[in-house]
Amino acid sequence: MRRLILLLLAAAPLGAQVIDIGFPLPYLIAGQQDQATAIARSPTGERLQIDKFNWATSDASVLSIDADGKVTATGIGTARIKASAALTGGVFSELELQVVPKRLEITPTSKELLVGDSFQFTASAFNILDAPIPAPFQWELTGQNGRETGLATISSNGLLKATAAGQISVHALIPYVPRDGKPPRVETLASVIVKARPEFRLTRLISNDASQDSFALRPSPGAFSANDAGQLAFTASLDALSTGVLLYANGGFRLLANTGAPSPFPGGVIARFQSLSLNARGQTLISVPAGVARRDGGLMLSSGDAANFILLDGAGFGDRILDLSFMYITANSLNDNGDFVFRALYREPDAAFRDGLFRFSNGSAELIWDAERPLPGVTGKVNFILDATGEQPGWSGNNGFGIDNQGTVYFIAHQVSGNARGLFRAPVGAVTPTRIMALGDPFLKSTVKIFTDLIVLPNGDLVMRLDLNNGEQHVVRYTAAGRFETVQIRNSQTFRVLAANTRGGVLFAGNALGAAGKGEGLYLWSGGTAVTNVLLLTAPNRYVESAALTAAGQVYAVLRTDTNDFVVEQPGAAKPTLFQAGTMMSVTANLHFNGLVRGTRSAMPYLRLGDPSSIFQIQAQGSSWTLAPNLRHGDRLGSGAASVGFDGVTGVFEDASGNLQFDTRGALYRLSGTALTQLMPGSFTAPDKV
């Protein structure tokens, strides 16, 4: 028996506080009848002698109830019955009842269509006497996997339009508010097979084969590193068609890896690069993140002119390190001997996944530390990814951890459920890492507030940014011999330690103290108090994205300027600009397809390519096909437009009028031909720049 008790604070002459409503069924079939009962009780639970109740219904089209409490299911839906009595002083109770059909029918139950056809489905509901009754049907489509499908669309009244070949299930359903013991929906299904029209022929328009051999660099954020030989390793957009890991040396480019290339996983391609590390031998370690809801990432290591996978998601070592995945590296991860340190998820036998820091040497990985284990001064679970301010590492990749040429690993660990953070040293064979520094430690005339921008040098020296609780900001060098060297800089919100070299000094962005300070820019600290300005952030230079430094003191900087969002310079050289967005490169790379633009109604489809995503349309070119750009990240769509960033476009679709709609950095736009209209503002103020 169903019972519901509802308490109301009201004056009750007989002391009644509650009325129990009873009903024998969890729900009714349309046309069915049954008897409701009511009992009035005192505050102590005793039954009161009240036999006459007033009955009412919240929706007579779903439920009716007579003076004796007999309920009739008059239609499909959900309604409440209410019981009250004059002698209870206004106290009443309600019980919610659901009415479902005896059965549903969909017409037809199966159908075969051709792509482009439309067909009207109908559905009927029947009561307990098998008579048809009105019902609030809704319509849905699912594919063979039971999930949403793009093979067809269906209207609110059951009109289906087939758009692609395949098998579809048509659902005619009546939804209910979910309640325990009651059905959340009743439905009936039809099966539809959509076939290609006889006149259709499958024609390959374009593929991502590695055929294009010339690309223009486009502005794109990425990792950047240099070695003493003057080699530069970086990631960049290849004409918005793909993303490449490039090695620049002796005035030329070598492509080490690119998105769109096949990955070792069945049916997979490389979709993105996360970070890289370059050593003195010209080797480049590259992290390839897994795709969405996939485990198909890993680490690549360059040898000569190409990079190959050295570790894959799912790898294991011994019987204690299983299923490595989501591997992450920093700019300090690779030493000159080819050993490297990385962070990854892993699991032990019969255990859940956890976070670990690993050293890879001589073809095998060993666990340095498990994030579930406390460290000296940092208790509880720790995190190896966030920097010391609690933020994600900058794209220069200098934060978190690194390895020297002796194989010693240095890392910052952050307490997950607290504020404790420490810098640790783990030599080869060490059982427990040694703490070097922690927040709150005494330093000069104050205590440590923040340490970040960790750089690990081949000889074991460490360089970092250090903020003190007295407000001072410092560049700090901690030598392998255990000594601290420091220089204070002028307080700046742009202060970052960008690069260091064993013999060449330390590069930082910000401003120096005293006469050495010329304004915001790039500075070289050579030890002691010797600070030299390398580059000022005055017009046309607007921002230093990253920088590198060689033992000979050569500086390389990635700049954003007033006229170009990606400029690589060697400040002080006779021809400082080495390359920039727009520079042509003779390399062979795959195209990187991200998928079709949703809602395409044009004769030829729009495609999303590259990372960040840009939009191209396939067009005929004689007897072949080519890609014509419609919208590429970094495009200037108005005269004098300021830079917006490198986010590319997301959420793009073609509307009913054939215009492209998309969002970038939180703002919504419409592109009609070459005319751009901002439909909704976002986090920036340049409406004519994508």
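Reader: What should I know before I start?

Author: The model is predicted, so to speak of local features takes pLDDT of at least 70, side-chain atom pairs count only at pLDDT 80 or more, and totals for chains, interfaces and linings use all residues. Residues are numbered from 1 along each chain as its sequence is written, and side-chain values use heavy atoms, with hydrogens and water left out.

Reader: How many aromatic pairs are there?

Author: Rings of Phe, Tyr and Trp (its six-membered ring) pair if their centres lie within 6.5 Å; planes under 30 degrees apart are stacked, over 60 edge-to-face, the rest tilted. The count here is 20 aromatic pairs. Take F234 and F579: their centres are 5.0 Å apart and their planes at 20°, so they are stacked.

Reader: Which strands hold F234 and F579?

Author: Strands are DSSP runs of E, at least two residues, numbered from the N terminus. F234 lies in β23 (residues 232-238) and F579 in β51 (residues 577-580), so this pair ties together parts 345 residues apart in sequence.

Reader: Are F234 and F579 buried or exposed?

Author: Buried means under 20% relative accessible area, exposed over 50%, partly exposed in between (1.4 Å probe, protein chains only). Both F234 and F579 are buried. F579 has a relative accessible area of 1%.

Reader: What is the geometry of the pair Y248 and F579?

Author: That pair is tilted, with 4.8 Å centre to centre and 50° between the planes.

Reader: Where does a charge sit over a ring?

Author: The rule asks for NZ of Lys or CZ of Arg within 6 Å of the ring centre and within 35 degrees of the ring normal. The charged end of R103 sits over the ring of F126, 3.9 Å from its centre. K82 lies over the face of F92, at 4.4 Å from the ring centre.

Definitions and conventions: Helix = DSSP H or I, 4+ residues; strand = E, 2+ residues; numbered from the N terminus.
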